[in-house]
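This briefing covers a few local features of one protein model.

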Amino acid sequence: MTAPAPAGSRPDDRRPNSRRPSSQRPYGPGRFAACQAALCPSTAGLVGPRPSGVREVVRYNWPMYAAGALTVVAAGALARRLPGPAAALARTAAATAAGYLAVSTLATWCVYDRSELHRYDWLPALLPDGPGDHLVVSTGLDEASRPIAERHPTARRRVADLYDPALTSSGSIRRARRHAPPAPGSIPARPGALPAGTGELDTVFAVFAAHELRRPADRTALFTEAARALRPGGTLLLVEHLRDAANTAVYGPGAWHFLPRATWLRHAAEAGLRPAAERRIAGLVTAFTFRKPTPCPN
């Protein structure tokens with residue numbers, strides 16, 4: 001069941017000065033029709049699975065958790081067999097691994113199950129006029145389109161599915177993909193070819209998606225395409241964990257899967273997008289908005 005629009009939103013949930021081009025970008029046979037069919041009011045049906053909590057995070061990343069648990073058991077067993085200093089070192093290793101397992105699991109529960117992250121209570125502060133006509137970019141696990149649709153049921157949206165094992169090589173994404181395949185209506189796409197015409201969109205969402213493109217060239221292509229598809233004044237909304245002190249303290253070596261803040265700022269600048277706002281969510285997640293400049297009148 002679709003939730004009602006939040007109080008204060010406009011009936012059509014669009015920004016007032018959106019530019020609507022008269023022509024669409026050409027696609028291959030059948031792609032244009034698929035794109036048009038996918039650009040529909042959210043009340044026509046919700047897409048994507050329910051957002052993940054700690055249970056799904058552990059399920060998708062079980063090899064890392066298993067390795068941590070094995071380290072605790074092995075180091076503890078060694079500590080009982082080794083003499084003096086070596087035993088102390090083994091006990092320290094066991095305690096460190098156990099600490100990271102406990103802290104990272106607790107933090108994941110706090111962020112994904114208990115915070116405002118998946119409720120999207122933070123979204124109005126970043127998009128006060130709503131998302132308007134928008135594109136949700138997924139690189140294997142779309143968990144953004146459903147909560148956005150629930151908050152903005154009349155906004156027109158489509159979902160671009162960028163999943164490609166050659167581009168998104170993470171084992172956790174492959175496991176998530178088997179558990180939660182893309183919803184009907186998702187449009188297969190590439191980082192350098194998003195299913196939207198030039199200047200057509202009010203907002204492009206990339207929620208925990210862009211970091212799965214491990215090659216810098218693919219991320220550059222995605223940002224460039226987002227800038228092309230946005231109307232002047234449109235917004236790229238990026239949500240990511242960062243490779244920073246807080247995430248490193250909680251996730252240890254796992255934080256190296258994330259990218260530094262400077263990397264995202266550089267990709268945006270290369271695409272001609274300007275930082276507009278930045279919000280920290282639950283202490284470990286950062287939401288950025290990057291704005292496409294509006295041309296100055298002559």
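Two strands count as paired if DSSP finds at least two bridges between them. The model is predicted. In it, β7 (residues 274-281) and β8 pair in the antiparallel sense over seven bridges.

**Strands β7 and β8**
- Ala277 stands opposite Thr289, a residue of β8.
- The hairpin of β7 and β8 has three residues between the strands.
- Ala282 in this hairpin takes a positive phi near 55°.

**Loop residue Ser115**
- Ser115 sits in the loop that runs between α4 (84-114) and α5 (123-126).
- Is Ser115 buried or exposed? Ser115 counts as buried because its relative accessibility is 13%, and the cut-off for buried is under 20%.
- Leaving aside residues up to four places away in sequence, Ser115 touches Cys110, Ile281 and Ala282.
- Of these contacts, Ala282 is also the hairpin residue with the positive phi.

**Helix α8**
- Helix α8 spans residues 216-229, which makes 14 residues.
- From first C-alpha to last, α8 reaches 20 Å, close to the 20 Å expected at 1.5 Å a residue.
- The buried residues of α8 include Asp218, Arg219, Glu225 and Arg228, as well as Leu222 and Phe223.
- Which elements do the buried residues of α8 pack against? They pack against the strands β2 (134-138), β5 (201-207), β6 (230-241) and β8 (285-291), and against the helix α10 (261-270).

**Aromatic contacts**
- The count of aromatic pairs comes to six.
- One aromatic cluster is formed by Phe223, Trp264, Phe288 and Phe290.

How values were computed
Residues are numbered from 1 along each chain as its sequence is written. This is a predicted model: local features need pLDDT of at least 70, side-chain atom pairs count only at pLDDT 80 or more; totals for chains, interfaces and linings use all residues. Side-chain values use heavy atoms; hydrogens and water are left out. Helices (H or I, at least four residues) and strands (E, at least two) are DSSP runs, numbered from the N terminus. Buried means under 20% relative accessible area, exposed over 50%, partly exposed in between (1.4 Å probe, protein chains only). Contact means heavy atoms within 4.5 Å. The expected span of a helix is 1.5 Å times one less than its number of residues. Rings of Phe, Tyr and Trp (its six-membered ring) pair if their centres lie within 6.5 Å; planes under 30 degrees apart count as stacked, over 60 as edge-to-face and the rest as tilted.
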